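Here is a short report on a two-chain model. Please keep the sequence and the 3D view at hand while reading.

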Amino acid sequence: MSRLAKYWAFMRMGYLTYLAYRFQVLMSFVSYLLIIALNYFLWKAVFAKHQVIAGFTMEQMMTYVVIGWSARTFFANRIDRMIGDAVRDGSIAMDLLKPTNFQLYHYFRAFGRAVFMFLFMTLPIIIVASVIFPVSLPSGKLGPYLFPLSVILSFFLHAGISYLTGLVAFFTRNNEGVLRFKQLLVEVFSGVMIPITFFPDWVQNVLFWLPFKYIAYAPLRIYLGMEPLSKVHQGVLLQIMWIVIIYLTGQIVWHYAIKRLEIQGG
Amino acid sequence: MRRALFYINLLRAYLSNSIKSRLAYREDFLSGFIAGAMMQLIGVLFIVSLFVKVPSLRGWRKEEIFFIFGFSQVSLGLFFTFFSNLLELSEKYIIEGNFDRILLRPLNSYFQVITERIYWEESSTILVGLSMMSYALSRMPLNLGIGDYLITLGLVLAACTIYLAIFTILVSLTFWFNDRGSVVSVMLMLEGFSRYPVTIFNRVVRVILTFIIPYAFTAFFPSMYVLGKGRYSIYVWMTPVVALVFLSLALLVWRQGARAYESTGS
């Protein structure tokens, strides 16, 4: 089998798995609409007395919230949990038998899920939410073209972070705390929850050196046309840089992780 | 009377068992506790960063919002700690057929499902909520007496009862309709609305939260005992009434559901 066909098969598997959970997906869709609604009321209250807060107008903020939470359904993944579960129940042995790069296997399987989510969550949410809430189209010259690219990069960046987190399961039996800590970092510092311009300056300075804000904050700024051209290019390049760094780190850590693995039972 | 004593004795036995079994796996408890605390921290960090840039929300000061937020977390945390097992009804009891075992014993089925597992690690939510409430109280010149604290405690218990009632009704539906907890997750998402003053929402949402899904009574209205300065006092005293009415309704639905239960067994 050619390499490409192999990863296509993993993608298909990831996609098909979710077809079985239609009702859950529908409920998840409702949940996302509820989060967006809550954010809508909150931000409306926040902007009641202000024109611009932390560099955002009310209109930009609403778009930020809707597009941000919708994009989250696309770039979210369960890689960390899947690796943890596989190590715990021993099914990792089956994964290891596959003549493939373990990291890419997880990336592409998750990408299949992301494609499913894009069709049945991201798009429907954007459509329904833009009917109910004030959402603007991508602005600037590059927004409409570079935003989709940037969100696809977000997926691979987040997949890498989850993969690294998942590998922790090889070193400790109880990885729940680590998984949650990663979730905390991503939720808070990716910018989905609140734009990072709301944080104190020193936090923003620290975030400059970390990959998290390139998951959501950077692409959303591109969507809103809030960055000059040079910064847009820089943002996308930094996303690619982080994807490569994290991928390579994953390869190195894997090298050590696999030596720690002991599968129980028989 | 003897029946009540019998149940109290049982409860004592169940609780001491549950503490013992939890102490046997201290590492799991600690990891679960930290994991839970980190999830709570996401919401807290959101509200903290919001108030870095915004002095007030539709006239509500930071301290007041923190108090309401904390109140909702304490009552939700109590629900999670002592009643979480209810949320497992569909998966653990109905689909896996464990409800047969429950019905075989000459004990109330609701009592059994609740007490079979206490989630001590969920007390992290209570702790986070209490910290927010005490922070808020320390920053407001309120002059509360011991009686006020006792009444607040009573209101917290009433609020927890409302959560219990809402989720009992929801999970009871799974006696009739097969669902692996996705409706529950929507309701947990909606719980986010209870952390904020209902005055930030529009009329429709306010009516829903007050009269249909009474989340306004799980934090905002009872908080007005301390914060209201006489406003909403009728709603404050309605809180225990709402709790009792919904709990009676919930018990009714549960009883009907348990009757309708058909074993999956073979």
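This is a predicted model: local features need pLDDT of at least 70, side-chain atom pairs count only at pLDDT 80 or more; totals for chains, interfaces and linings use all residues.

Helix α11 of chain B covers residues 220-227, and eight of its eight residues are buried, so the rest of the structure largely encloses it. The buried residues are B:Phe220, B:Phe221, B:Pro222, B:Ser223, B:Met224, B:Tyr225, B:Val226 and B:Leu227. They pack against three helices of chain B: α3 (62-83), α8 and α12 (233-260).

B:Tyr232 sits in the loop between α11 and α12 of chain B. It is not a glycine, yet its phi is positive, about 60 degrees. B:Tyr232 has 20 C-beta neighbours inside 10 Å, so it counts as buried.

## Chain B overall

Chain B holds twelve helices and two strands. From the N terminus on, the order is α-α-β-β-α-α-α-α-α-α-α-α-α-α. Its radius of gyration is 19 Å, close to the 18 Å that the globule rule gives for 266 residues, so chain B is as compact as a globular protein of that length.

Along the principal axes, the C-alpha atoms of chain B fill a box of roughly 60 × 40 × 40 Å. Of its 266 residues, 39% count as buried. Take the contacts in chain B with a separation of 6 or more: 81% of them join residues 24 or more positions apart.

## The nonpolar core

The largest nonpolar core has 145 residues. B:Ile162 and B:Phe167 have the most contacts inside it. Helix α8 of chain B (residues 146-172) supplies the largest share of this core, 14 residues.

What does B:Phe167 touch, leaving aside residues up to four places away in sequence? Its partners are B:Leu86, B:Leu87, B:Val184 and B:Met187.

Helix α1 of chain B (residues 2-24) is hardly covered: the count of buried residues among its 23 residues is zero. Its geometry fits a helix of that length. At 1.5 Å a residue, the 23 residues should span 33 Å, and the end C-alpha atoms are 33 Å apart, which agrees.

B:Leu30 belongs to helix α2 of chain B (residues 26-53). It has 13 C-beta neighbours inside 10 Å and so counts as partly exposed. B:Leu30 and B:Trp120 are 90 residues apart in sequence, and their C-alpha atoms are 9.9 Å apart in space.

The loop between β1 (56-57) and β2 (60-61) of chain B contains B:Arg58. This residue is not a glycine, but its phi is positive, near 45 degrees. With 16 other C-beta atoms within 10 Å, B:Arg58 is partly exposed.

## Where the chains meet

How many residues of chain A are in contact with chain B? There are 28, and they are in contact with 31 residues of chain B. On chain A, α2 (22-46) and α8 (176-189) each supply at least two residues of the touching side. Helix α2 of chain A gives the most, with twelve residues. The side of chain A that touches chain B divides into 21 nonpolar, four polar and three charged residues.

Helix α8 of chain A has 14 residues, which should span 20 Å at 1.5 Å a residue; its end C-alpha atoms are 20 Å apart, which agrees. Its buried residues are A:Val178, A:Leu179, A:Arg180, A:Val186, A:Glu187, A:Val188 and A:Phe189. Just after α8 of chain A, A:Gly191 takes a positive phi of about 100 degrees.

## A buried position in chain A

A:Ile125 is located in helix α6 of chain A (residues 102-132). Is A:Ile125 buried or exposed? It has 25 C-beta neighbours inside 10 Å and therefore counts as buried. Not counting residues up to four places away in sequence, A:Ile125 touches A:Phe29, A:Tyr32, A:Leu33, A:Ser70 and A:Thr73. A:Gly250 is 125 residues from A:Ile125 along the chain, and their C-alpha atoms are separated by 33 Å.

## Confidence in chain A

The mean pLDDT of chain A is 89, and 98% of its residues reach 70 or more. Within chain A, confidence is lowest in helix α1 (residues 3-19), at a mean of 82. It is highest in helix α3 of chain A (residues 58-75), at 94.

Terms used
Residues are numbered from 1 along each chain as its sequence is written. Chains are lettered from A and ligands numbered from 1 in the order in which they are written. Two residues are in contact if their C-beta atoms, placed from the backbone, lie within 7 Å. Helices (H or I, at least four residues) and strands (E, at least two) are DSSP runs, numbered from the N terminus. Ala, Val, Leu, Ile, Met, Phe, Trp, Tyr, Cys and Pro count as nonpolar, Asp, Glu, Lys and Arg as charged, and the others, Gly among them, as polar. pLDDT is the predictor's confidence in each residue, from 0 to 100. The radius of gyration is taken over C-alpha atoms; the globule rule is 2.2 Å times the number of residues to the power 0.38. A residue is buried if 20 or more other C-beta atoms lie within 10 Å of its own, exposed if 12 or fewer, and partly exposed in between; C-beta atoms are placed from the backbone. A nonpolar core is a set of buried Ala, Val, Leu, Ile, Met, Phe, Trp, Tyr and Cys residues joined through C-beta atoms within 7 Å. The expected span of a helix is 1.5 Å times one less than its number of residues.
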